[in-house]
2 protein chains.
Amino acid sequence: MAEVEDLLDDNDVVGLLRWLDEHRPHEIADEIARASPVQAVLLFRLLPKDEALTVFEELDPPDQQHVLSGLRDQSFRELVEAMHPDDRVRLLGEAPAKFAQRVLAGLSHRERVTTAALLGYPEGSVGRSMSPEPVAVRYGRTAGHALEAVREKGLEAETVYTLPVVDDQRCFVGTVSLRDLVLSAPDRPVAEFVDDGAPRVRATDDAEAAARLMSDANLVDLTVVDSEDRVVGLLTIDDAVDLIEEADTEDIARQAAATPWSGHYMSVSVVALARSRIIWLLLLIVAATLTVNVLQFFEATLAQVTALALFIPLLVGTGGNVGAQAATAAVRALAVGEVRVGDVPRVAWRECRVGLVLGVALGAVGLVVGGLLVDLPVAVTVAASLVLVCAWAAMIGSTMPLLAKRVGVDPAVISAPLVTTLVDATGLIIYFLIARLVLGL
Amino acid sequence: MAEVEDLLDDNDVVGLLRWLDEHRPHEIADEIARASPVQAVLLFRLLPKDEALTVFEELDPPDQQHVLSGLRDQSFRELVEAMHPDDRVRLLGEAPAKFAQRVLAGLSHRERVTTAALLGYPEGSVGRSMSPEPVAVRYGRTAGHALEAVREKGLEAETVYTLPVVDDQRCFVGTVSLRDLVLSAPDRPVAEFVDDGAPRVRATDDAEAAARLMSDANLVDLTVVDSEDRVVGLLTIDDAVDLIEEADTEDIARQAAATPWSGHYMSVSVVALARSRIIWLLLLIVAATLTVNVLQFFEATLAQVTALALFIPLLVGTGGNVGAQAATAAVRALAVGEVRVGDVPRVAWRECRVGLVLGVALGAVGLVVGGLLVDLPVAVTVAASLVLVCAWAAMIGSTMPLLAKRVGVDPAVISAPLVTTLVDATGLIIYFLIARLVLGL
């Protein structure tokens, strides 16, 4: 795979052309994303015209901007004109105003109108990701009529596998699948095999939720309607998969207390990476000063029995790990819809018991390690603290994401590091209170 | 949504029937997964026969087992006979032997042969998730012939949107889409619109990789072949989406140092949850005794300047957070294919610089906090340690997943807690060495 990089470094055009010929659009797009901006444009320009569009649509918006900025006006216009409207909107959504103007100015009137309509929907809504102008079928028609409509308008539509069925006001009635139409006798009415319980979403609905609905209900396309239930588009499964992957990537980044960044990991700049992480780190280090305060409060105890200090990283580390596990499980269960906001008491009770089980096992290890390295009273303190801290950490870690969602905050911001930091301070209080009790200080 | 739980508690059959009538299969499946085993069976039995299968196929295998175990022999047999072969294999893959025997014994000969063939593929392979017996088209035929084949065999096939094109030996040549067939004139040869570069995978290939390929290449179906390139099945996009969601859930669990569990978060037992977490916690607490050793080694320094102890949780916590962010980013980039094993030096150098940027910012905070709470030399020690620890943590955290993959270990096991624990011990060594230098001990 290092091959392309070598070919680019050597400016070996013949070799590059052969390589391009042998690889699929998504593989080529991946190499373009990894290359430097100059080499990315070089590689892209070598593509045959009919393949260039497919490769281009596989790129992330920041890489699309790089490539476009390196093209001459004529190629630039042809490319953005040929893009699917939803892909174009995705590109424009993240672009600087000047760039967006250049794109819009180059479009034909028809495409500009379609694009502007999609841009009118809020960011993160279904409207931004849908394919507009689907092939719709009137409720009163026959299968033969419907197939005729597919043949007439199907070339321009992004998908024809699911056809929304509409009444005379273009309002949504249900869907038919192309499969049913093909398998049916041509003279049978569409009404016979319309799925009138097929779900639809509003164009202003949340795009991630719509994508998860498609995954749950095994849909290839999902009908999108406006506020008056008129069909305005279809969300296709390939876009839904991208939405789910993107949402998972964001959730994973948030779970590690980083804000998501846009674009390819290997092409994003060091500064952008640092920026995506610094805000949470600053918040967390300020929160961590709480641990300094707690330890200052117990400084006399600490000075009396220095051995207590030896177990601080082990204790707060373990508590943090248990809390992180619980929080991660809860965030994921919320994301895929297995847990709901109302489940707080049930989840808290379950996780508290899980934490106790874990705490007893880990406390036993703590007792042995402590007994070997220091004297027994400190070991007992460590073991007892582990039991309590684990139960506490599991309960806090699992319920915080649910409570966050209840007050309207994205549960994924309840990251493992945030839970860890909070558990650190409270865990230390538990530790020193038990120490005073056990050691009689 | 609490409605169903109330209806179940009240044994309100009329209310339940109305509720079932008003909801979609995937919503009903979700409620069954959340209910107790007894109530799950009650709810399932109330379903009309034609809907029962769809709901059943939406359940996770452990919940499917619960439901099946509550059915009478007749219904049991009818249900497993009607399942799609790939769903049946998924159920059997996780079931105890006795249960699996009961399922296989109830099948018709034909279904038993198909099921046994799929079960012959290794766990986690494409063969286990594919739909067997796709509608294939001969290369020499016309579009009209191909549509005829779809009409004949399409009712039994799970999908007809992508048709593998085969030669006389049933070997893979490419694919045609139902869309192209419908849009084309019936007398045009299939050869004209076959996509002969369409990717295919071996039945023994990794299922997650195949699913990610479908997502990258925007495929609705992916052809599956045997070792002699003969078409044996199709992987459909709805199964691919499930595979991706499952893989992401597993990666997320591993990122928090838990082993993935099977089934619905709300129906899995406390013991199973604890078991999924305890192994890593035990390993990590043993690794954490390293921090106790390090601190024991520096105990004299600690006894001389107790103030150093106050910043231990803040320092190791921050280092752990930076390491966790870097590790999480690297694991995700590997999963979605943005980073490759060969990228170690490039990633290490990038993340080292990211870590330095972060360390300088956090070190400044450390200096201020330290200056306010204790005397300046300790504050300087804390600040300098933060700079070095952050750079070190980012480098270690980002490269460890890549190195793990290189030696054949799942990179997702390089969890945030594992990185945190390792960074803790090394971070403490850095801290105390700097302390000795700055404080002149």
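**Interface between chain A and chain B**

In the model, 114 residues of chain A are in contact with 114 residues of chain B, contact meaning heavy atoms within 4.5 Å. The model is predicted: local features need pLDDT of at least 70, side-chain atom pairs count only at pLDDT 80 or more, and totals for chains, interfaces and linings use all residues. Residues are numbered from 1 along each chain as its sequence is written, and side-chain values use heavy atoms, with hydrogens and water left out.

Chain A is superposed on chain B by a rotation of 180° with 0.0 Å of shift along the axis (RMSD 0.0 Å), which is the relation of a two-fold axis. The superposition is by least squares on the C-alpha atoms of residues with pLDDT of at least 70 in both copies. Of the interface residues of chain A, 100% are also interface residues in chain B, so the copies meet through the same surface.

About 10,500 Å² is buried between chain A and chain B, and carbon and sulfur atoms give 62% of this area. Buried area is the accessible area (1.4 Å probe) that two parts lose on being put together, summed over both. In chain A, the residues that lose the most area to chain B are A:Arg179, A:Tyr265 and A:Arg350, together 7% of what that side buries.

The rule finds 12 salt bridges across the interface of chain A and chain B, a salt bridge being a side-chain nitrogen of Lys or Arg within 4 Å of a carboxyl oxygen of Asp or Glu. Helix 16 (residues 270-297) of chain A gives the largest share of the side that touches chain B, 16 residues; helices are DSSP runs (H or I, at least four residues), numbered from the N terminus.

One of the salt bridges links A:Asp343 and B:Arg34, with the closest N and O atoms 2.9 Å apart. A:Asp343 lies in the loop between helix 19 (312-335) and helix 20 (344-373) of chain A and B:Arg34 in helix 3 (residues 25-34) of chain B, so the pair joins two chains. A:Glu351 forms a salt bridge with B:Arg277 at 2.8 Å between the closest N and O atoms. A:Glu351 is in helix 20 of chain A and B:Arg277 in helix 16 (residues 270-297) of chain B, so this pair also joins two chains. A:Glu351 and B:Arg277 are buried.

Conventions:
Chains are lettered from A and ligands numbered from 1 in the order in which they are written. Buried means under 20% relative accessible area, exposed over 50%, partly exposed in between (1.4 Å probe, protein chains only).
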